[in-house]
Amino acid sequence: MQADLAAQFKGNRQAEKAQDILRACVHCGFCAAACPTYQLTGDELDGPRGRIYLIKQMLQTGEVSLPTQSHLDRCLTCGACEPACPSGVRYRSLLEIGRSMVEQRVPRSWRDRLARQFMLKVVSHAKRFAAAVKLGRAVGRALPLRIRERLPAASGKIDIRQTNHPRRMLALQGCVQPTAAPQTNAAAARVLDWLGISLVEKPEAGCCGAISLHLAASDQARAHARRNIDAWWPEIEAGVEAIVITASGCGLMVREYAGLLQDDPVYAEKAARVSALTRDLAQVLAAENLDDFAGIGQGLRIAFQCPCTLQHGHGLDGVVEGILRRCGYVTTHIPDSQQCCGSAGTYSILQPEMAERLLERKLTAVMSGQPQLIASANIGCQMHLATRAQLPVKHWIELLNQ
Ligand code: SF4
Ligand code: SF4
């Protein structure tokens, strides 16, 4: 697909990058079948090819409208379309550029602005998010139902176990997880401790930056990335083996620091090192001897919902299921397991109707295998599934922490 840039975009690095990505698209439409939003609405413009076309139009004419913004907003950034594309179009990179250009040109309603500012200024800061959750619990019924049902259950702070093994790995606490599921990193630390690995958290690190990037606030995303790099750097220089991330969405974001900071003369090299060291927890565990964990599952039936970021982003489809089976769990079949659950970062808050329909489909698929427990690998999916699931929803590492 060829796009001649409008005069206003000539020399614009982002526009030129988008133009390069667009060239690979041959407009075949193979990607549409993989797209959950296209399946829901049946509208070509809610599928990858349609969105690519809208971005191309903007680049060529310099004009952009509210409907374009809405169709781009409705993308989950789940990445399911990328493996389906025979031409290797880097759709998510293109969307990120498209969204940020649209954001600068199409004003949003005050309601939309407020919701986005809440995400950027509160949710993506661990302490502020913890305070907001506390306040939310206190005012309870005064909150709209869709916010109320997403408030995580009260749980105290859990510090991870401090150990001193020769093998050391860094962990990211993130922004939402320390309040919503502090048991996740604690469980990872205990399991790794058993395997002779110390997990180290740096309190100066925080949100990975994914929320900001999804909301087209790329400068804020870069600021989060730089702060995390600074927090981790002394440990990296001291020789940590890996940066292990328990939330697959955050891990994917940290792996993308290299690209995010490639033009930053101070941080580009460090960002590349951080990205290269980053592993999802499943990658780390899959490479270890898990004989001590064999049989702990005692045949419990687990539906593992593989987050989009784990399967389409990290390319680790099937890895967690393999670990759980090695530990004596039975993993149940989930039809259409490549389809997003509707959580998608901030999506379940900003696009509640679409998110709810996707969740309903996902839970029907999950329950068809008659599991006894649902597991996930990403805090956002875990919280979203828990709003409607009839079974407990846990991070899979909790199943090994016994
Ligand atoms: S990222 Fe997901 S929702 Fe967005 S176009 Fe691709 S498949 Fe559709
Ligand atoms: S499958 Fe790839 S090449 Fe074909 S329309 Fe979709 S993005 Fe373009």
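Predicted model: local features only at pLDDT ≥ 70, side-chain atom pairs only at ≥ 80, totals over all residues.
Local features need pLDDT of at least 70, side-chain atom pairs count only at pLDDT 80 or more, and totals for chains, interfaces and linings use all residues, while side-chain values rest on heavy atoms, with hydrogens and water left out. Residues are numbered from 1 along each chain as its sequence is written, and chains are lettered from A and ligands numbered from 1 in the order in which they are written.

Ligand 1 sits in the second largest cavity, and ligand 2 sits in the largest cavity. A cavity is a set of points, on a 1 Å grid over the protein atoms alone, where a 1.4 Å probe fits but cannot get out; a molecule sits in a cavity if more than half of its atoms lie within 2 Å of its grid points. A residue counts as near a molecule if one of its heavy atoms lies within 4 Å of it. Around ligand 1 there are 13 residues, of which Cys 35, Arg 51, Cys 75, Cys 78 and Cys 81 come nearest. Helix H2 (36-41) and helix H3 (48-61) each supply at least two residues of this shell; helices (H or I, at least four residues) and strands (E, at least two) are DSSP runs numbered from the N terminus. By class, the shell around ligand 1 has 9 nonpolar, 3 polar and 1 charged residues, where Ala, Val, Leu, Ile, Met, Phe, Trp, Tyr, Cys and Pro count as nonpolar, Asp, Glu, Lys and Arg as charged, and the others, Gly among them, as polar.

His 27 lies in the loop between helix H1 (13-23) and H2 and has a positive phi of about 65 degrees although it is not a glycine.

Neighbours within four places in sequence aside, Ile 236 is in contact (heavy atoms within 4.5 Å) with Leu 170, Ile 243, Arg 273, Val 274 and Leu 277.

Ser 275 belongs to helix H16 and is buried, with a relative accessible area of 11%; buried means under 20%, exposed over 50% and partly exposed in between, with a 1.4 Å probe and protein chains only. Beyond residues up to four places away in sequence, Ser 275 touches Val 254, Arg 255, Glu 256, Tyr 257 and Ala 258. Glu 256, in the loop between H14 and H15, is partly exposed at 35% relative accessibility.

In helix H22 (residues 379-386), Ile 379, Cys 381, Gln 382, His 384 and Leu 385 are buried. The buried residues of H22 pack against helix H10 (177-180), helix H20 (347-350), helix H21 (352-367), strand E7 (373-376) and strand E8 (393-395).

Terms used
1 Å grid on protein atoms, 1.4 Å probe; cavity = no way out; pocket = protein on both sides within 12 Å on 5 of 7 lines; lining within 4 Å.
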